[in-house]
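Dear colleague,

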Amino acid sequence: MAAIRVDRLLHQYSDRGRAVTAVDNVSFEVEENQFYTLLGPSGCGKTTTLRCIAGLELPTAGTIELGGTVVVSDRGVVPTHRRDIGMVFQDYAVWPHMSVFDNVAFPLKVGKRLPSSVVKERVHEALALVNMEQYVDRRATQLSGGQQQRLSLARALVRQPKVLLLDEPLSNLDAKLREQMRKELRLIQRRIKVTTIFVTHDQVEALSMSNRIAVMKDGVIIQEGTPRDIYLTPNSEFVAAFIGATNFIRGTVAAAGPISGDYTLDTSVGQLVCRTDQPLVVGEPVTVAVRPEALTLSTDPVPGMNSIEAQVDLGLFVGESVDYHVQMGDLLIRVKGSPRTHFRRHEKVYVGIPPEDCTVIAADEVKGVPTSTVEEGEVDSVGQTV
Amino acid sequence: MSASTAPEIVAPPVRPSAPQRVRRRRRITGRAVLSFLTIIVLLYLVLGPLVMLVLAAFEDTSGGVVIRPPFPWTGANFSHVFANAHTYSVLWSTVIFSAGALVFAFAVSFTFAWLIERTDLPLRTPVYVLLVAPQGIPAVISAISWSLLLNPTNGFVNLVLRGIFGGGGIGSRGPINVYSLPWMILVEGMSLVPLTFLLITASLRGMNAGLEDAARTSGAGFGTIVRRITLPLLRPAIIGALVYEFVTVVEAVDIPLVLGLPGHVTVLSTQIYNSTHPPVGLPDYGASSTFGIFLLALALIPLLFYNKMLGNTGSYVTVTGKSFRPKIQKLGKWKPLAVALTWLYIFVSFVMPLLILIWASIQPYFGTLSRAALKRITFTSYDKTLTSNLFTSALKNTLIVGLASAAMSMVLAMLVSWIIVRSRSRFRWMADVLAFLPHALPGVVIGLAILLIYLLLPLHVYGTIWIIVIAMGTQYVSLGSRLTTGGIAQIQRSLEEAAEASGAKARHVWGRVLVPLLRPVFLNGFLLVFLASIQNLTLPLMLYSTKNLVLSSLIWSRWDYGDATGTAVLSVVMTVITVIAALFLRGLSGRRAGE
């Protein structure tokens with residue numbers, strides 16, 4: 001049985017008289033103890049979906065079930081404070097007028113009456129979980145950003161909720177801390193086994209932490225699957241571009257074979273052999289997405305794979321790799337080369353494209369490819385109206 | 001300062017980060033001159049009156065205040081005041097009056113702020129506007145209108161009540177007597193609501209709604225959230241507003257004069273006014289200064305505890321992220337009650353006083369609503385009042401006082417804020433204190449002290465409108481600098497430095513960079529001070545002469561004379577003027593204040 005079930009969730013609001021759909025008939029299920037991520041650019045409706053699950057937003061239509069209890073349906077809505085949830089906010093929402101202890105104890109004190117010894121014990125347990133025991137007597141305002149983050153997590157977990165909701169909890173941390181918290185958060189989630197929904201715009205967070213990912217855009221789930229599915233076989237240019245850097249090569253299907261699953265494509269940079277599970281029709285326009293790290297550069301053509309002549313435009317040595325930008329016909333292609341390679345500007349090279357790494361996307365999929373990087377500090381423009 | 005060079009030599013040179021202070025000959029820069037002049041002017045304006053107040057309180061003032069030796073030192077003023085039982089009743093009334101008015105104003109303001117910001121109360125925007133609107137009515141006018149409504153002899157409401165319950169049973173007075181402490185508290189409380197409400201609404205709106213959401217997802221219901229999250233988080237804002245409004249209550253003479261005098265309820269401010277301007281006999285500056293020192297002490301008490309009251313919460317600042325509209329609490333079955341109470345309050349606090357003023361202004365003599373009274377409606381009083389020389393000169397004086405005080409205090413405020421924000425000089429703290437002190441000085445005390453100064457100084461200021469301008473310009477430096485300090489702090493220092501690096505002198509930095517960038521803040525503050533100073537009755541009354549009548553003091557003198565119709569006409573005109581000024585202010589500050 002699914003621990004969380006969201007069915008045809010619709011959230012509309014009116015902005016200066018205009019109806020805006022923030023979440024458009026979204027449905028998904030999260031299995032018990034899974035780490036489920038809603039990933040997407042700002043304004044895609046991921047946070048609104050999460051807030052509907054928390055009860056902080058009232059959906060226009062749809063059903064939400066938490067742990068077998070229907071909390072939102074046409075028949076009624078369970079208010080937030082009666083839902084069995086814990087939530088971590090992007091800005092931590094640590095109460096500045098309370099101490100660390102009081103912050104964490106709050107969910108226990110406003111719920112069922114518990115003896116103070118139990119409260120104390122549970123608060124200490126929760127703080128120990130996030131390595132914050134030594135700060136129990138501090139004022140919340142004396143904590144650093146990372147510590148506030150941990151405190152906020154302890155507060156969300158202290159009630160031992162069925163469902164943990166994380167709203168971009170890492171986006172306000174600096175890069176180092178974010179990496180560390182990513183690991184810790186996942187370990188804690190595994191240890192205490194709590195079904196988790198995680199909202200983020202950062203594909204690295206999503207890929208590294210999740211059991212499953214739902215990529216959202218304009219209020220709709222575009223693709224749902226395991227991190228490997230999403231990364232290796234994106235179903236659209238949008239997903240391919242949003243999850244990591246991608247090169248797109250457009251063309252048409254010229255011929256099938258010789259091996260089953262192989263297709264030869266006509267593209268602006270010449271013929272390209274691709275291997276794909278999905279059947280393609282000759283004459284069909286398609287787009288090939290290929291990751292920079294799948295490509296290789298060499299001074300001579302490599303037999304056995306697509307090898308296309310190109311000219312080096314720029315090589316940025318970043319340590320773990322060299323980020324090459326090469327001109328291939330009319331296309332500017334990014335190649336992640338080994339740090340040992342050292343191709344010079346204007347040098348003639350061959351770009352090796354392994355057929356199995358070419359992901360074929362039907363060309364009429366999502367248009368308007370966004371950049372593959374998302375700026376930080378995004379603001380979901382939801383519910384800002386009066 | 002150069003002493004720090006000595007240990008530098010002995011200390012191992014491992015920490016070059018400590019900057020070595022080298023005393024070198026500094027050229028006198030435009031910046032330094034500007035800072036110096038600002039501090040000197042403020043010292044004169046703020047400390048001068050204080051010195052006079054203390055001198056007068058400890059001297060035998062029967063021959064006037066003496067400012068050079070030999071000083072006629074005496075403790076008689078204090079011993080007289082302490083020996084008089086009346087003193088203690090005045091102090092007690094002051095405490096009850098201010099505490100009552102503050103409790104009323106804050107309870108009402110928080111309730112409305114919460115209803116508007118956090119619930120589904122219908123027509124929130126009009127309610128907001130109507131709650132803030134009475135800010136445009138000077139307190140003296142609202143006191144007068146309440147007197148017209150509720151005075152025991154012919155108050156409109158009293159007449160109606162007597163009509164309903166039969167005049168015989170109740171007699172020819174009452175049943176309500178507005179000339180009493182409870183009603184004074186109520187009227188004062190209502191006059192405090194607009195500003196208090198504005199301050200609380202602003203901080204409620206600025207509050208990170210995520211903090212309430214977090215409580216909600218922790219399992220707290222809305223009652224718990226208000227009690228344990230919202231109110232505690234508002235504490236700094238509430239205490240700040242409380243301290244501010246406390247000074248407003250104790251310093252003002254308007255409501256205590258109009259409503260307290262006939263009912264023989266005296267508070268400290270009216271006590272000071274009475275001993276400075278006795279109906280008979282000579283003013284007793286010694287006694288009034290002594291009371292002035294009492295009032296000053298009273299006004300300073302909350303300020304001294306201000307930081308303690310705020311608690312150990314140095315920084316209430318937390319990381320803020322996305323701002324979602326706070327969750328709206330459905331009022332459900334309480335909605336009709338909330339709506340009824342809201343509109344009843346608006347009617348009582350705003351509509352009724354305005355209507356009675358208009359009614360009184362179109363009646364040849366004041367009376368209840370009747371067919372005969374409707375026939376008597378006439379606009380001749382408007383004609384008569386508005387064409388009188390007294391009115392035209394008071395109007396002219398009011399505008400001059402408003403403009404000049406606004407200009408004076410905003411220029412000083414801008415300069416002092418600039419020192420507070422930018423200067424690294426060791427006199428910076430003085431600028432801080434000097435910008436803050438005028439706020440802590442009750443208006444009636446400033447009035448008294450400035451009166452004492454210019455009685456003595458051989459400047460031709462006493463009795464002119466300029467003495468009022470000096471007093472108001474000084475008092476409103478605090479108000480202005482609250483705005484300008486924030487404004488300057490928002491302008492990155494590098495903008496000034498860039499100008500300097502481009503070769504700009506101090507005057508260029510000001511003229512080309514700071515002033516243009518600060519213009520919105522300056523204009524906003526200018527209008528705010530203008531509005532406050534034309535509404536101010538305390539200072540014009542303390543510094544009253546026949547030559548420096550402004551609208552507010554003219555209104556009081558017509559009222560004191562017993563001319564209800566003339567007072568009502570002037571009040572309506574004055575309200576129109578202040579409302580126009582307030583609308584300007586609102587338009588200028590855009591949607592920041594409202595929705």
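In this predicted model, helices α2(A) and α3(A) are roughly perpendicular to each other (angles under 35 degrees count as roughly parallel, over 145 as roughly antiparallel, 65 to 115 as roughly perpendicular and the rest as oblique). The axes of α2 (residues 100-110) and α3 (residues 116-129) of chain A cross at roughly 115° and come within 9 Å; axes are lines fitted to C-alpha atoms, for helices over the stretch in contact, with angles from 0 to 180 degrees between N-to-C directions. Helices (H or I, at least four residues) and strands (E, at least two) are DSSP runs, numbered from the N terminus.

From α2(A), A:Val100, A:Phe101, A:Val104, A:Ala105 and A:Leu108 are in contact with α3(A) (heavy atoms within 4.5 Å). Their partners in α3(A) are A:Val119, A:Lys120, A:Arg122, A:Val123, A:Ala126 and A:Leu127.

Turning to the sheet, five strands of chain A form an open, antiparallel arrangement in the order β16-β20-β17-β18-β19; two strands pair if DSSP finds at least two bridges between them. Its edges are β16 (296-298) and β19 (331-337) of chain A, each pairing on one side only. Antiparallel to β16(A) runs β20 (residues 348-353) of chain A, joined to β16(A) by three bridges.

Residues are numbered from 1 along each chain as its sequence is written, and chains are lettered from A and ligands numbered from 1 in the order in which they are written. Local features need pLDDT of at least 70, side-chain atom pairs count only at pLDDT 80 or more, and totals for chains, interfaces and linings use all residues, while side-chain values use heavy atoms, leaving out hydrogens and water.

With kind regards
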